[in-house]
Structure formats: C-alpha cells, structure tokens
Amino acid sequence: MEAQNLLSGFFPNYKIPLTWTSKKPFSSSLPSNPSFHSLLQSHNCVSFKTHHSPCFKGSLKKIFFCVNASENAVLEEKDYKRPRVVKRKKLAVFVSGGGSNFKSIHDACFEGLVHGDIVVLVTNKPDCGGAEYAKNKEIPVVLFPRTKDAADGLSPSDLVAALRSLEVDFILLAGYLKLIPAELIRAYPRSILNIHPSLLPAFGGKGYYGMKVHKAVIASGARYSGPTIHFVDEHYDTGRILAQRVVPVLANDTAEELAARVLHEEHQLYVEVTAALCEERLIWREDGVPLIQNRGNPNEYS
C-alpha cells in the first residue's frame, strides 16, 4: 500500500500489482513525469515494503524500486523468506478425575486455538469423568498403570510403545495423580508437562494435590496462589517451571473458593501454553530455563 500511494501521487491513473508469486524481478513501463524521475534520481532508489502474496501469509517482503535509462521500473525481491511450516501436533492427555483442563484443551483444539489434536487419553481410573468425556468424543482411552485391580492396564514399556504408535508429540498431565515412570520421561524428554494448583515450588511434592493444596495455602497465611505449569521429571512437582498465573488469596477464602479461582486461571493458562507448545514457540535458555516466545513479537519472552 505504501508503494501504491507513492506512485498514485505522481500518476493517479497508474496501478501496480502489490502481490505476485514469481521470484524473478519484473518490470513495468511508467509514463514520463519529471517530478517523479527527479525524486528517484535524488534518492538513487526508493525502498518500501508490501504485503506478500496470499499464498505466503504472515510475512513481508522487501522491495527495492529503481529506474534505468529506458525509464522502466524494475522491482526485485530481497531478503525473501518463506514462512516456516509447523506440522499439527499430536497430544496425549493424562487424567485421574473430572478432566476439566483436558476438556478445555480439547475445546481449544476443536476451535482452532491450538495447532494440535488430542489423539489419546491415559488414565488410572477408567470410570472417571475425564475418561467418560473422552469416550463420548471418540478419543481412545488407555489404562495405565497395570495393577492387581487393573490387570488390563499397560506396563511402562507398553505405554511408550502405544504412544509412539500414535505418533504422540507431547504429553499433558491434567490432574493425573500417579508418578510418571522414568522410562516414559526418557522416551519423551522435554515433552511432558504438568499443571499444579499452587505457585511452585511452594505447596508442591508428594501428597499435595487437589483441595489439600488450597487448604495448605490458606493455613499458611499466603496472600497469593495460582497455577504452575512445569516440565515433568522423575519426582513430584520438581521439573522446570514454564508458566504461572497469580491469583489473590482473600481474607475469608474457603479452600473451595480459592480452588475455583485458581481453576479458572488453569483453564486459560494450560490452553495458552499448549498453543505455544504446538506452535514450537518454546525455547531453552542456556541455564536450562524454558521460555515462551511471544507470537506477535519473537524477541519477547515470558
């Protein structure tokens, strides 16, 4: 548009195409205009940007505009880069209860907010709300781990094989209460996330889950709480922190009221982080801290 405005100021009836697909320079004859050629001679060449062709959405290409002795305008593309194509990711979600975070992520995938699809649900409780939701949505449900009461559950090696057969890219724990086996962590390094209902490292570790976390936060006198999303290692709630969201702890809060406030933020935060994960906007600092790259400005991180 900048180019069109520049030319229309000199030649009101002249139009140039602002999009094209050829990578080769092209030329267009311009009518003679002393003022226009004086401008070009004084600047040697005019630099401006135009939007790219619709077949390459999301980028700009820099055009240099020069005039030769025969009064032909030649436009050449410089610094052209084809946008990187990111494949749609396949997700596995682990739950032990109602699976409200699982449902939020599934809805976001369906609505196009997340560039991925949930291809399997893993649970240790086949009758839980999350498993019922998955069955209703025709998402395969896998029982893990194998126990005396669940003889049809998978072993760690069988689980890894099943996830690989489904070509799972990332694993999301959403209220899954079992410790993740080392075999699975080794098979999916830096690819397993968990959400915890407190600001880790506070109120985390074995035994801190569900309402127990919120009761402990209130009893401590902490003024703030909120969800944490972290990478999973071989211990409870000790992996690298990726994202957090802060909520106030009010003076007369009950554990149920605080839990509802935190859960509201969980649903939003987990969707945002999953979207960044599927868009490959996670980077690792030299000291091992994971950061999320801003979608609009790649030079900003959170």
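These are my notebook entries on a predicted protein model.

**Ground rules**

I'm working with a predicted model, where local features need pLDDT of at least 70, side-chain atom pairs count only at pLDDT 80 or more, and totals for chains, interfaces and linings use all residues. Residues are numbered from 1 along each chain as its sequence is written, and side-chain values use heavy atoms, with hydrogens and water left out.

**Confidence**

I started with pLDDT, the predictor's confidence in each residue, from 0 to 100. The chain has a mean pLDDT of 82, and 73% of its residues reach 70 or more. I then found residues 1–31 below 50; this stretch still has 64 contacts beyond near neighbours in sequence (contact means heavy atoms within 4.5 Å). Residues 36–80 are below 50 too, with 104 such contacts in the model.

**Helix H4**

Helices (H or I, at least four residues) and strands (E, at least two) are DSSP runs, numbered from the N terminus. I looked up which residues of H4 are buried, and got Gly130, Ala131, Tyr133 and Ala134. Buried means under 20% relative accessible area, exposed over 50%, and partly exposed in between (1.4 Å probe, protein chains only). Seen down the axis, the buried residues of H4 fall within an arc of 160 degrees, so they line one face of the helix. The arc is that of the directions from the helix axis to the C-beta atoms. Their cover includes strand S5 (89–95), helix H3 (100–110), strand S6 (116–123) and S7.

**Helix H7**

Most residues other than glycine have a negative phi, and most peptide bonds are trans. So I went looking for exceptions. Glu138 is not a glycine, yet its phi is positive, about 60 degrees. Glu138 sits in the loop between H4 (129–136) and S7, and at 73% relative accessibility it counts as exposed. Asp237 also has a positive phi of about 60 degrees without being a glycine. I found Asp237 in the loop between strand S11 (228–231) and strand S12 (241–244), but this residue is buried, at 14% relative accessible area.

For cis bonds, I noted Phe144 to Pro145, with omega about 5 degrees. Pro145 is in the loop between strand S7 (141–143) and helix H5 (156–165). Leu200 and Pro201 are also joined by a cis peptide bond, with omega about 10 degrees. Pro201 is in the loop between strand S9 (192–196) and helix H7 (211–220).

**Cores**

A nonpolar core is a set of buried Ala, Val, Leu, Ile, Met, Phe, Trp, Tyr and Cys residues joined through side-chain atoms within 4.5 Å. The largest one has 34 residues, and Val93, Phe102, Leu172, Leu193, Tyr270 and Val273 touch the most other members. H8 gives the largest share of this core, eight residues. Apart from it lies another core, of 21 residues, including Val122, Val168, Ile180 and Ile185.
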